[in-house]
Every structure is written in structure tokens, then in C-alpha cells.
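Here are some notes to read alongside the model, written as numbered points. Please keep the structure open as you go through them.

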Amino acid sequence: MTELLFALVCLPFASAFILGLVRSSQVRRIVTYLSTISTIGVALVFCIAYFVRGAYPIEIELSHSFIHITDMCMLALEVCLMLLIVVMSIKYKKYHAALFSVIQTGAIIWYELKSGWMPEYEYSRLYIDWLTIIMVFIIAVVGTLITVYALGYMHDYHHHHTEFKDRRKFFFAMLYIFLGAMFGLVFSNSLSWMYFFWEITSVVSFLLIGYTKTKEAIDNSFTALWMNLLGGCGFAGGIIWIGHSNGISDMQSLISTDSATIVAPVILLSFAALTKSAQLPFSKWLLGAMVAPTPSSALLHSATMVKAGVYLLLRLSPVLANNYAGTLVSLIGGFTFLIMSMLAITVSDGKKVLAYSTISNLGLITACAGVGVEETVWAGVFLLIFHAISKSLLFQTVGSIEHATGSRDIETMHGLSRRHPYLAWTLVIGIAGMYLAPFGMLISKWAALKAFVDSGSIILVLLLCFGSATTLFYWTKWMATVLASKTNDVKAKNTTSANQWFSILVHAIMMIALCFFFPLISSAIIIPYINNVFADATEVISNDNIIIMLLMLFSIFAIPAAAWISAKHTKYRKVTRYINGVNAGDQMNYIDSYGEKRRFFLANWYMEDIFGEKKIWMPSMIISSVAIVVLMVITLGGAI
């Protein structure tokens, strides 16, 4: 297991080094495919080996000398990351980012030196359980498939955007460094090691968002950087606090401690997770990440970066229940879920809808982790799985639609089912995965709602109900637009490369397969994880509910198939549109009251004048900021 673990961490970094030197597109394609195959292969062997060994949590023992050398190397690299941030901040006159970096790195250096180079070795630096296995699957499969998609996308991107310098070797190197850092983060039991990989993801996301080096890209990249560095300060503060007050340096010891004695450091770690997962009032950075090429967006929103934040919260969930830290996390998560769902209704830019949806669903996972009971953790883990695959599929499909049609505006997607039928159906699969039964997002929301009701949290119940209603609105609106068509819509030429199609289709297949294996994943993976963490295996879904879900799964495929077969043998009457006037006979024009021929169009209602960004963004920022400050002051003040 140890060798496979290190292979998973080292493979992406080795691939990043090679890709950073490669200029040839052909060689880059070969290296990327080999890296993808080897990473997924090692990940599968790793997961199988874990299952064969009994699927019990494993603590990886390392030699003292290896730990000592690794600690020193990590500290040196943290200093290098700080110097990079300082230089870039001075270059672009963003001094606040440099300040946050110096504060957190200085604090960690002071803590490490004060603790000594050879601390006590009573805990394992690396840890493996079912949550680790889930994250390994997401990073290895979803993450590497995005790099395959990027091969075709970035070729087309620089073909259409000649105004940007071609820095693909840098771009692909950063993608793989991202994946390597995420592997390191999910394997780490040491809080210091987790912090090190945490900071790598912050810096690399900053570099990816600023890829084009336009003013907008630079500004947005620094927004992402300073917000995540602010969270990094909280992470560093939590490590130092828990180390000095309780002598704890690892995650497993932390979550095994009486939560009443560690609320202060836990709330600091939770604050770091809230910034990383772009919860209010820190959501702006993830929306700004849309300026980066689509593979960056897919990676940031699905397999990495934001998942690091909710992963940390799910780890902390046992010590978040029934305290101020859990109250802060659950309320901010639930509030973010509602507000971002409302804002998603008000925009027509496909990528922006996906961005708001990402933050919204992360809010729901955050709320589940904050409640910290068995049912909500079950729901949170499933939301994490389905969201990772579905959102990666959606971002890639929207990117391909933009290349094919020249637009990612939802209003331009009328007739997409005829013009680009395959892209339309993969988009529909991704959208269905986000809110329709029997896909797991809806079932997980049901489990979360039941748990919120059982916990007696009326506020969370209301936030989830109204947030789910608004979610239904914007996804249905988009799906209906894609499936609508006009008689003059004709099939267009395919412009999506084979690399892009490979990743998109694999994602679509995984999305559908998850529906069939939903009960198996629950019983074989999630419940054992909950049993280990809470010492109580809760039956979240009964056998009756599983039977109902399987019937729904059958109907979602059987009914459309029957309709299609019936349509082959049925002649339907063509009905003209009623437009409160005389139809001109072509379904696109009508005769007005003056006898003049006028063209009409259909458009969705976006309600921007009711609750658009200008209406609710600032109030939501103020409310969430006040909530965070008040709860943190109460918690930290009481601890001091």
C-alpha cells in the first residue's frame, strides 16, 4: 500500500515536470495519455488492495529519518511559495496577498522551529479510509480525464484566440501539479502536511486563473489568491492553536478529541475550508475563475480545489456537531446554497450558471458537514461524488458547445438537440444528474432534509427547501431550452475533437452508472466509513426506498425509449404556434394589428430585476460576514 500511495502522489508531479518541458503537441498528447492511464491504473490497484486488506482504516508508518527530511523539504518549499507570491504581488501591486502569505508562512515556520525538527512520532503522517478512497477515485478518474479533454480544447482555444500567448506546456504542468497536490492532501493525516498541499492548490489555482495574463485574468487570479491565503492564515492558526493547547498534530487525533475542548482551533480550520470552498462571503473568487480556459474551470469546480474545502469539513464533521463551529459551518453553507441558487436563475451565461450552481451545491455539502450527524455526512459524501462527475461533465460540454456555436449563452442553445444532438444529450445527462431522480443529487438532498428535520433546525430546513425549489427552476429552464427546437434547425458539423469526446462520454457513462450502483456504494463504502467515524452504521435508505429508486431508474430510460418507438409508427399533426395574432405560416413570424409581418422569439425569464446580483449580492455578503465574525469572536473569545 505504501508504494502505491507514493506512486499516486509522485506520478502527477513527474508528469508535470515532463509536460513543462514538452513543446511538441504530439509528444504532449502521448505523455498525457500515458499519465492518465498510469494514474487511473495505479488508483484502481490501490483501491482493490485496500479492499483486499479488509477495507479497515490504515495508518502508514514511516521512518523517523524520512519524516524529518520530508518536513524540512516541505518547509523549504513553503518558503519558496511565499517568495513567489511576494514577487508576483509586488509586480502587480497587490500587496495584501503578499501580507497574508508572509503572515501564514512566518507563523508555520515559527511553530515548526519552536517545536523542533524532531517532534514526537506518536502518530502516523498518512492515513487511508473509505473517504480517502472516494477522493482518490475522483482525483484520478475525473481529474486526469479533464487533462485529456484539455488536449483538444487548448488546441482549439489557441487556434481561435491568437491574441493570447501559447503557454500550453505551463498549463498542462500546472494541471498535473494540482492533481499531485490533491493526492497528497487527501492522504495526509498530519495537519502540517495537509497544510503544505493545501497551499500548493491555492498557488496553482492562482496561476491557472491568470493564464491569459489579461487585466481581468490578473485581477481575478489575485482575488482567488488573497481569499485562499486568508483561509490559509486560519489553517495555520488552527494548527498552532491545537498543537500548543492540546498537543495534537494530526487529523485522527483531532476528531477523536472531545469537541468541547477544541472548538476554537476547529472553527479556524473550518474558516479555511469555507474560503477554499468559496462559501459566502468568499464566493467571488470562484466566479472570477471563469475567465480561465474551460479545463481549468472544470478542474477547479469538480475534482480539486473546492473539493479540498468540503473534504476538510467532512473530515471535521464529528467535532462540528452541537457547537459554535458547527453552527457557523451549517448556517453559512445553507445560506450560500439558497443565495447562489437564486443568483443562478438570473444569468444566461452557461459557465456562470455552472459556477453559481457549484457554489450552491458546495454550500449544501458544507451544511451537511456542519450538522455533523451520520445522515448528513452520508448525504454530504454522496453529494460530493455526484457533483464532481456531473459538474466536470457539464463544464466540458459547455466548453465544447461554445467552440461549436461561438456562444455559451443559454438563449443561443435553442435547437441544440437538432444542431448538435450528441452535445445536447450529454448536457442533458449532466443537468439531470444535478437535480432529477434517480440521480444521487436529489436523493442526497432528501437525506439531508430528513436529517435537518430530525436535528430540529428549522432554519436549515427552510434554506434547503427554498434552495431546492430555485435549483429546480434554473435547471429545468436550461434543459427545456436545449430540448426545444424549430423546424428549420438542421444538424451542424461536429467540431469537438476525439480527445474531448472521449472525456465527455466517459463522464456521461459514469453519471448513468452511478445510478445503478448507488445502493452498492452506500452499503459497501459510505456506511462502513460512517460506522468507523461515528461507531454507528445508520440505515439512511431503506430497502423499500431502494426498490422505488430502481423503478424510477428503469422508467427514466424505458419511457423515452417507448415514446421514440411509438413515434416511429405515429403520424402527428403539426400545430402552429398561437401568438395572439395571425401566424405568417413559417412558425417564426406573425402579422401584427397593422398588417405588418414581424418576427418573434421566445426567451427565458431571468428575474434579474427581482433578485439579481445588484439586488442581493451585497446584503448576502454583509449577512454572512457578520455571522462569521460574531460566531468566531464568541468562540475564540470564550477560548481565550
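1. A residue counts as buried when its relative accessible area is under 20%. Serine 330 has a relative accessible area of 7%, so this serine is buried. Please keep in mind throughout that the model is a predicted one.

2. Let's stay with serine 330 for a moment. Its place is in helix H14, which covers residues 324-345. Once the neighbours within four places in sequence are set aside, serine 330 touches Thr366, Ala367, Gly370, Val371 and Leu460. Its side chain also comes to 3.2 Å from the backbone oxygen of threonine 327.

3. Threonine 635 is another one to look up, in helix H24 (residues 613-639). Is threonine 635 buried or exposed? Its relative accessibility is 7%, and threonine 635 therefore counts as buried. Leaving out neighbours within four places in sequence, the contacts of threonine 635 are Val263, Ala264, Ile267 and Tyr324.

4. Next, a helix pair. Two packed helices are described by the angle between their axes and the distance between the axes. For helix H7 (residues 191-209) and helix H8 (residues 215-246), the angle is about 175 degrees and the axes are 8 Å apart. Angles over 145 degrees count as roughly antiparallel, so H7 is roughly antiparallel to H8. Sorted by class, the residues of this H7 and H8 contact are 15 nonpolar, six polar and one charged.

5. Threonine 223 sits in H8. With 21% relative accessibility, threonine 223 counts as partly exposed. A polar atom of its side chain is 3.0 Å from the backbone oxygen of aspartate 219. Phenylalanine 206 is 17 residues from threonine 223 in sequence, and their C-alpha atoms are 8.6 Å apart in space.

6. Apart from neighbours within four places in sequence, isoleucine 128 has contacts with Met1, Leu5, Phe46, Tyr50, Tyr56, Pro57, Ile58, Ile60, Ile133 and Phe187.

7. The loop between helix H10 (263-276) and helix H11 (284-288) contains proline 281. The peptide bond that leads from leucine 280 to proline 281 is cis, and its omega is near 5 degrees. Alanine 278 belongs to the loop between H10 and H11 as well. Although alanine 278 is not a glycine, its phi is positive, at about 60 degrees. Alanine 278 is buried, with a relative accessible area of 0%.

8. Finally, lysine 93 also has a positive phi of about 60 degrees without being a glycine. You will find lysine 93 in the loop between helix H3 (64-91) and helix H4 (95-115). With a relative accessible area of 62%, lysine 93 is exposed, whereas alanine 278 is buried.

Definitions and conventions
Residues are numbered from 1 along each chain as its sequence is written. This is a predicted model: local features need pLDDT of at least 70, side-chain atom pairs count only at pLDDT 80 or more; totals for chains, interfaces and linings use all residues. Side-chain values use heavy atoms; hydrogens and water are left out. Helices (H or I, at least four residues) and strands (E, at least two) are DSSP runs, numbered from the N terminus. Buried means under 20% relative accessible area, exposed over 50%, partly exposed in between (1.4 Å probe, protein chains only). Contact means heavy atoms within 4.5 Å. Axes are lines fitted to C-alpha atoms, for helices over the stretch in contact, and angles run from 0 to 180 degrees between N-to-C directions. Angles under 35 degrees count as roughly parallel, over 145 as roughly antiparallel, 65 to 115 as roughly perpendicular and the rest as oblique. Ala, Val, Leu, Ile, Met, Phe, Trp, Tyr, Cys and Pro count as nonpolar, Asp, Glu, Lys and Arg as charged, and the others, Gly among them, as polar. A polar contact is a pair of N or O atoms within 3.5 Å; within protein, one must be able to donate a hydrogen and the other to accept it, and residues adjacent in sequence count only if both atoms are side-chain atoms.
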